[in-house]
Amino acid sequence: MQTLPLSDADFQRLYSHIKANYGIDLGKKKQLIVSRLSNTLISQGYTGFSQYVDEVISGKDKEMVTSMLNKLTTNYTYFLREEAHFKYLWDTVLPALAKKHARDKVLSIWSAGCSSGEEPYTISMYLKEFFGPQAGSWDTRILATDISQQILSTARNPVYQADSLSRLPAAWKQKYFVKGSSNSYTLAPSIKQNVIFQTFNLMDPIRFRRPFDLIFCRNVMIYFDQPTKDALVKRFFNATVPGGYLFIGHSEGLNKAECPYQYVMPAIYQKKG
C-alpha cells in the first residue's frame, strides 16, 4: 500500500486541531493516521499531508472532517451489543421509568455517538416489547446523535447485514425487520420512526429541550483523554434528571474522584436524587 509522508509539524497541527475541536486524542497515532488516510488523499490528488491539514483546519468542508474522523475511529457496532446493559434496562430501568412517568407518559433517552443506528434501534425494540399494547400511548422517541452527517444518513435509512442481527431473538427479526436481497435487512417503520437523528459534537454545550432519564454513550470516550472525558461526564450529569442513568462501554472507565454519578454496576452509573 502506498503511503504519503506526514511531517512531525503537520502531525502536530492535525492532532492538536482534532483534540481541541472533537476531543479525540490521536497524539500517539501518527502511523494510524498515515495508514488510514493515505489512500483517500492519493485518490483525491494530494501529494502530501500538508495541504490536506490546511483544509481540515480551515473548517470549510465539515463533511471532509467527519469523513476523516470516521476513518480514524472504529464504527464497528451491532444489535444488542453489551447485552448486560439491556438486561439491566429491562429488569430495572424501564420498570422504574414506567412508574415515574405513569402520568405524563414521556421518556427522555439519548444515544450519544450512535454511529449507524444499531444502539438506538435496539433500545427502541426494547421499549416496544416492554410497553407492548400500551406503546402507542407513550412518547418513547429516542434522540440519537453523531458528529457525522454521512453516517446519520446511513442510520436514517439503514440496510443491515445478517451478522449484525445475529444476537437478536428470532421473533424480533420477524417482527421488526424486513428481509431484502443478499441476506440484508431493513427496519420496520415503527422502529425507525421512534428514533430522531441529529448531528451533535460531544465537545459542545448540551442544551437539549429536556434533561434525560437515560444516556447511552458507549465506546465513544475510548478516544478521549481523561480531562476531556471528565468534562463530558460532568456535562452529561447536568443533562440527566435526578435518578437518571448513564451507560458507558465496558472497555471504558470513569475517574472515581471526578465522577459525579454514583456507580451502580460495571459501565452503569446513576444520578442520585
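This is a predicted model: local features need pLDDT of at least 70, side-chain atom pairs count only at pLDDT 80 or more; totals for chains, interfaces and linings use all residues.
Two strands are said to pair if DSSP finds at least two bridges between them. Helices (H or I, at least four residues) and strands (E, at least two) are themselves DSSP runs, numbered from the N terminus. Residues are numbered from 1 along each chain as its sequence is written, and side-chain values use heavy atoms, with hydrogens and water left out.

In strand E2 (142–146), Ala144 is the bridge partner of Ser111. Strands E1 and E2 run parallel and are joined by four bridges. Between these two strands the chain passes through helix H6 (residues 118–131), and the resulting β-α-β crossover is right-handed; this term applies if, with the strands pointing away from the viewer, the path from the first strand over the helix to the second runs clockwise. E1 also pairs with E7 in the parallel sense, over three bridges, and here Ser111 stands opposite Phe216.

In a regular strand the side chains alternate between the two faces of the sheet. In E1, Ile109 and Ser111 lie on one side, Trp110 and Ala112 lie on the other, and all four are buried. Buried denotes under 20% relative accessible area, exposed over 50%, and partly exposed in between (1.4 Å probe, protein chains only).

These strands belong to an open sheet of seven strands with mixed pairing, in the order E6-E2-E1-E7-E8-E10-E9. Strand E6 (195–199) and strand E9 (262–265) form the edges, each pairing on one side only. Direction ignored, neighbouring strands are turned by 20 degrees against each other on average. E7 and E8 pair in the parallel sense over five bridges, with Phe212 opposite Thr240 in E8. Helix H10 packs on the sheet, touching E1, E7 and E8, and its direction makes about 140 degrees with that of E8. Such angles run from 0 to 180 degrees between N-to-C directions, the axes being lines fitted to C-alpha atoms, for helices over the stretch in contact. By contrast, E9 and strand E10 (residues 268–270) run antiparallel, joined by three bridges, and Tyr263 stands opposite Tyr269. The hairpin of E9 and E10 has two residues between the strands, and Ala267 takes a positive phi near 70 degrees there.

The 13 residues of H10 should span 18 Å at 1.5 Å a residue, which agrees with the 19 Å between its end C-alpha atoms; the expected span is 1.5 Å times one less than the number of residues. Among the buried residues of H10 are Leu232, Val233 and Phe236. The buried residues of this helix pack against H1, E1, E7 and E8.

In soluble globular proteins, nonpolar side chains tend to be buried together. The largest nonpolar core in the model has 47 residues, and Met68, Trp110 and Phe236 have the most contacts inside it. A nonpolar core is a set of buried Ala, Val, Leu, Ile, Met, Phe, Trp, Tyr and Cys residues joined through side-chain atoms within 4.5 Å. Leaving aside neighbours within four places in sequence, Met68 is in contact (heavy atoms within 4.5 Å) with Leu14, Ile18, Leu37, Tyr52 and Val56. A second, separate core of 40 residues includes Tyr160, Leu168, Phe197 and Ile268.
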